[in-house]
Amino acid sequence: LIGFTSNPMSQAYASMPSLANYADYTWNGPAYNANKSMDAALWELSGNDASVHDAVLAFTDLNQYWPYREPAVHSPQLNKDITAFWAARNASSKAHYKYRKNDGTEALRSRLELLTTLPDVLPRMAMKGFATDVTPWSTLAMQWATACQHLIAMLDALDAGDKSTADSEFKTAKTWIKKTKAKTVDDRNSDGEDLPNSITPV
């Protein structure tokens, strides 16, 4: 083994959490702890505001993907909340589901609410460049979260037997999903020329 190579994104500030972990690992590999390293990096970037830090954690969870293990890890906290949501619905009868409080659906509802605030909250980070770099993706997260909120409202309306409201919520969700198709990420061609708004963020 001669050495390690990192491969950051063209978004320099958005690459900082990964580069901080890379630096920790190469500084002292035997003592490296990925979770502690990432936690320290995210606190450094977010600053001391707990609400901003929570938003940063929710955003980084969305973008956590590691395909080199079985099963692959992808948005672990969001997936946990989704699993709990469907488990709670499947365990509840329509007759009383609407009136349940603090059941297994609340975690997903709360997470979606938090994700809708990302474009407004992330600019309050200590590291402003990070928020600027990830703007296309934080906006995308807000759009998908808003669409999902309307889909949950559709399910609630169906549980209540309100087909008109359910139809309206479904149409609104489709409108938000359509917004996610916009090309908002810049690119650069082989000649080094900038290509504004050329890529749809995913």
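Analyst: Welcome! Helices (H or I, at least four residues) and strands (E, at least two) are DSSP runs, numbered from the N terminus. Two strands pair if DSSP finds at least two bridges between them. This is a predicted model: local features need pLDDT of at least 70, side-chain atom pairs count only at pLDDT 80 or more, and totals for chains, interfaces and linings use all residues. Residues are numbered from 1 along each chain as its sequence is written, and side-chain values use heavy atoms, with hydrogens and water left out.

User: How many helices and strands does the protein chain have?

Analyst: There are 10 helices and four strands. Reading from the N terminus, their order is α-α-α-β-β-α-α-α-α-α-α-α-β-β. Along the principal axes, the C-alpha atoms fill a box of roughly 65 × 45 × 35 Å.

User: In which sense do strands β3 and β4 pair?

Analyst: Strand β3 (residues 185–188) pairs with strand β4 (residues 194–199) in the antiparallel sense, over three bridges. Val185 has Ile199 in β4 as its bridge partner. Five residues lie between the strands of this hairpin, where Gly192 takes a positive phi near 85 degrees.

User: What does helix α10 reach from its first C-alpha to its last?

Analyst: The expected span of a helix is 1.5 Å times one less than its number of residues. Helix α10 (residues 163–179) has 17 residues and reaches 25 Å, close to the expected 24 Å.

User: Which residues in α10 are buried?

Analyst: A handy general idea comes first. An α-helix has 3.6 residues a turn, so residues three or four places apart point the same way. Buried means under 20% relative accessible area, exposed over 50% and partly exposed in between (1.4 Å probe, protein chains only). In α10, Ala166, Glu169 and Ala173 are buried. Seen down the axis, the buried residues of α10 fall within an arc of 65 degrees, so they line one face of the helix; the arc is that of the directions from the helix axis to the C-beta atoms. Helix α9 (135–159) is included in what covers them, where contact means heavy atoms within 4.5 Å. The face turned away from the buried side carries the exposed residues Ser164, Lys171 and Lys178. Lys178 counts as exposed because its relative accessibility is 66%. For the protein chain, 31% of the 202 residues count as buried.

User: How many aromatic pairs does the structure hold?

Analyst: In general, a pair of aromatic rings is described by the distance of the centres and the angle of the planes. Rings of Phe, Tyr and Trp (its six-membered ring) pair if their centres lie within 6.5 Å; planes under 30 degrees apart count as stacked, over 60 as edge-to-face and the rest as tilted. The structure holds three aromatic pairs. The ring centres of Tyr25 and Tyr32 are 5.3 Å apart and their planes stand at 85 degrees, so this pair is edge-to-face. Tyr25 is partly exposed at 36% relative accessibility, and Tyr32 is partly exposed at 26%. Phe85 and Trp86 also form an edge-to-face pair, 5.2 Å centre to centre with 90 degrees between the planes. Phe85 is buried at 2% relative accessible area, while Trp86 is partly exposed at 42%.

User: What sits over the ring of Trp176?

Analyst: A charge sits over a ring if NZ of Lys or CZ of Arg is within 6 Å of the ring centre and within 35 degrees of the ring normal. Here the charged end of Lys179 sits over the Trp176 ring, 5.2 Å from its centre.
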